[in-house]
Amino acid sequence: MKRDEPGPSPAPVDLRLGARLAELRAEHGWSLGELAERSGVSRSTLSRAERAETSPTASLLNRLCAVYGRTMSQLLSEIEAAPAPVVRAADQPVWEDRASGFVRRSVSPPHGGLRGELVEGRLAAGADIAYDRPPVPGLEQHIWVLEGALTVTDRDVEHRLGGGDCLRLRVWGPTRFRCPGPEDVRYVLAVVRP
């Protein structure tokens, strides 16, 4: 592609997400530099995400969620229509981090008056996602593996999970989700805000 040729148009979800990220920063009265300092993400990366020039990764969104005191599901629900009491399968928001091989379906998105949510996660064999901090300190998580194998590291403790296993924890520090393979892993993540 030549320099003067426009790139592909951003996906609608990336446009809404970028606009919401810009709104959150403005609500806090922070410059890009201040947000970069608080999140540990470069100004240029933040600017590109806000302008939807790039689709943010799961790790980037996690860092921003930590700064804004939100779960990833809360942030993603803010760019969708108000959630209904019944969430039909066809209406469950799906977000993909192509760089890491992570697909996230918000089965039961955040809803006013409720503290819990359900997420279906899929990781490709070999995928490895590290989060340097929880989006909300003390966040309660229940990770139930439906198919495949998943290794979850909570701070320095590694938990190896197979089909049917469930890990329960409160997240206070770094976590890492790895799919050792050979198959992809599919799991349910139940999240309860403190």
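I start with a term: a cavity is a set of grid points where a 1.4 Å probe fits but cannot get out. The model I am reading is predicted.

**Entry 1: the cavity**

How many cavities of 30 Å³ or more are there? I find 1 cavity by this rule. I note a volume of about 280 Å³ for the largest cavity.

The lining of the largest cavity is made of 22 residues. Nearest its centre lie Asn 62, Met 72, Tyr 131, Gln 141 and Leu 189.

Which element gives the largest share of the lining? I get β10, with 3 residues. Sorted by class, the lining holds 14 nonpolar, 5 polar and 3 charged residues.

**Entry 2: α1 and α4**

I read residues 12-28 for α1 and residues 58-68 for α4. Their axes are 11 Å apart, at an angle of about 30°. Angles under 35 degrees count as roughly parallel, so I call α1 and α4 roughly parallel to each other. The crossing of α1 past α4 is left-handed.

Which residues make the contact? From α1 I list Leu 17, Leu 21, Leu 24, Arg 25 and His 28. From α4 I list Leu 61, Leu 64 and Tyr 68. By class, I count 6 nonpolar, 1 polar and 1 charged in this contact.

Conventions
Residues numbered from 1 in each chain as written. Predicted model: local features only at pLDDT ≥ 70, side-chain atom pairs only at ≥ 80, totals over all residues. Heavy atoms only, no water. Axes fitted to C-alpha atoms, helices over the stretch in contact; angles between N-to-C directions. Helix = DSSP H or I, 4+ residues; strand = E, 2+ residues; numbered from the N terminus. Parallel < 35°, antiparallel > 145°, perpendicular 65-115°, else oblique. Left-handed = near helix turned anticlockwise from the far one by under 90°. Contact = heavy atoms within 4.5 Å. Nonpolar A, V, L, I, M, F, W, Y, C, P; charged D, E, K, R; others polar. 1 Å grid on protein atoms, 1.4 Å probe; cavity = no way out; pocket = protein on both sides within 12 Å on 5 of 7 lines; lining within 4 Å. Points joined across faces, edges and corners; volume = space filled by probe spheres on them.
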